[in-house]
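Hello,

Here is the structure I promised. Please open it alongside these notes.

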Amino acid sequence: MARGMRIALYQPEIAGNVGAILRLAACFSVPVDIIMPMGFAFSDAKLKRAAMDYGASADVTRHANFEAFDTVRRAEGRRLMLMSSHASQRLPDVEFREDDILLMGSESAGVPVNVRDLADVRVRIPMAPGFRSLNIAVSTGIAVAEALRQTGSFPQ
């Protein structure tokens with residue numbers, strides 16, 4: 001993995017969401033790690049439609065499973081920042097580093113307990129009372145923008 005901030009998607013299920021995240025990643029020059037299995041074929045038309053012509057510019061690495069991904073992450077000494085609606089730390093209160101990995105769980109189940117427990121920091125995006133969660137692509141955009149802002153890593 002190249003140095004710098006990364007987005008990791010844990011077993012994503014919805015092609016359109018992944019496409020939107022790949023577009024975001026290409027626009028902000030943030031590489032994406034996809035932790036398999038996915039709930040759709042990588043060639044899915046919905047992924048291509050959501051990514052539009054930006055998808056080919058995204059830097060994507062696929063990992064066979066979480067263990068393969070985590071082996072690389074640990075070898076590089078990177079922090080794993082789990083974005084979760086159940087986390088106690090609020091996004092505005094977290095201090096990001098330039099080489100953090102922002103882990104997004106699957107749309108229907110998030111991440112399993114063993115993955116959650118390996119996260120260095122668990123972060124939630126605060127919302128108005130009565131709402132459970134945001135769309136994963138929206139959450140990714142909010143988290144990446146805050147992390148890039150804090151670290152001065154927005155593209156020029």
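Two strands pair if DSSP finds at least two bridges between them. Keep that in mind for the strands below. The model is predicted.

Start with strand S4 (residues 80-83). S4 pairs with strand S7 (residues 121-124) in the parallel sense, over three bridges. Within S7, Val121 is the bridge partner of Met81. S4 is also joined to strand S6 (residues 101-104), by four bridges, and these two run parallel. There, Leu82 has Leu103 as its bridge partner.

Both faces of S4 are covered. Leu80 and Leu82 are buried on one side, Met81 and Met83 on the other.

Next, helix H1 (residues 15-28). H1 has 14 residues, so at 1.5 Å a residue it should span 20 Å. The C-alpha atoms at its ends are 20 Å apart, which agrees. Buried residues in H1 include Val18, Ile21, Leu22 and Ala25. Their cover comes from several elements, among them strand S1 (6-10), helix H2 (45-51) and H5. After H1 comes Ser29, with a positive phi near 55°.

Last, the surface. Met127, Phe131, Leu134, Val138 and Ile142 make a nonpolar patch of about 420 Å². Ile142 lies in helix H5 (residues 136-151). Buried would need under 20%, and exposed over 50%.

Best wishes

Note on methods:
Residues numbered from 1 in each chain as written. Predicted model: local features only at pLDDT ≥ 70, side-chain atom pairs only at ≥ 80, totals over all residues. Heavy atoms only, no water. Patch = residues over 30% accessible without salt bridge, like charges linked within 9 Å, V, L, I, M, F, W, Y side chains within 5 Å. Areas by Shrake-Rupley, 256 points an atom, 1.4 Å probe, with all protein chains shown as cover. Salt bridge = Lys/Arg side-chain N within 4 Å of Asp/Glu carboxyl O. Expected span 1.5 Å × (residues − 1). Buried < 20%, exposed > 50% of the residue type's maximum accessible area, 1.4 Å probe, protein only. Contact = heavy atoms within 4.5 Å.
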